[in-house]
Amino acid sequence: MASCGLCTFYTYGTEDKVLCSGYLYKSPPANLIKSQKSWKRRFFVLKKNKTSCQLEYFKNEEKTKTELLGAIDLSQVSLMFLHPETHSMWKWVHENFKCSATCVLFMKVMDRDYFFIGENSWEMERWFRALFDALKNRPHRLLDPQDSGRIRDISEPPHSQNTDQGAEWALEAYSASEISQEPIYASAVKRTT
């Protein structure tokens, strides 16, 4: 392990590449989600090797070599977005953790929902970018609201290129279960006013 200012670098097997690491609060399984004591602060390491990406978590930074508590297989992610204000659990999360929506990332993996809470919005943006980049080579699609729900490849540019000064940027998220079974991720899209 080597440290440089704000970053800590971890050396794993020669095939592993660490994309991001740091502390986040992690939600427990659904049956314990409303028990604030069940939410744990964990040290996360986003690793990528030749065949997969894993989000591993440990009790703390010192235990990364010896005590893996769990791992999330990112190939199983079906939905991921920042600012989960539309999620049914958001009000409870906000009231109990006194956090802004900009500090929260939501991820659906198989039949489990995860909330991750960071110290600030900058940290959660960093995690979202790292996770999104790790997943961008997977086959996934984004919805383009201008196409009335038509599914488009993420590499395809949006059809609406409105550059009005009155436009504002917003984060759009769509439920994978409403449209298709393919993974859907949030995307910044330009909203016209």
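Phe44 and Phe116 are both buried, where buried means under 20% relative accessible area with a 1.4 Å probe and protein chains only. This is a predicted model, in which local features need pLDDT of at least 70 and side-chain atom pairs count only at pLDDT 80 or more, while totals for chains, interfaces and linings use all residues. Residues are numbered from 1 along each chain as its sequence is written, and side-chain values use heavy atoms, with hydrogens and water left out.

**Aromatic pairs**
- Rings of Phe, Tyr and Trp (its six-membered ring) pair if their centres lie within 6.5 Å, with planes under 30 degrees apart counted as stacked, over 60 as edge-to-face and the rest as tilted; by this rule there are 13 aromatic pairs.
- The rings of Phe44 and Phe116 are edge-to-face, because their planes stand at 90 degrees, with the centres 5.4 Å apart.
- Phe44 belongs to strand E4 (residues 40-48) and Phe116 to strand E9 (residues 112-117), so their pair ties together parts that are 72 residues apart in sequence; strands are DSSP runs of at least two residues, numbered from the N terminus.
- Phe81 and Phe106 form a tilted pair, at 5.2 Å centre to centre and with 45 degrees between the planes.
- Since Phe81 lies in strand E7 (residues 77-82) and Phe106 in strand E8 (residues 104-109), this pair ties together parts that are 25 residues apart in sequence.

**Burial**
- Phe81 counts as buried at 7% relative accessibility, and Phe106 counts as buried at 2%.

**Cluster**
- One aromatic cluster is formed by Tyr25, Trp39, Phe81, Trp92, Phe97, Phe106 and Phe115.

Notes:
Helices (H or I, at least four residues) and strands (E, at least two) are DSSP runs, numbered from the N terminus. Buried means under 20% relative accessible area, exposed over 50%, partly exposed in between (1.4 Å probe, protein chains only).
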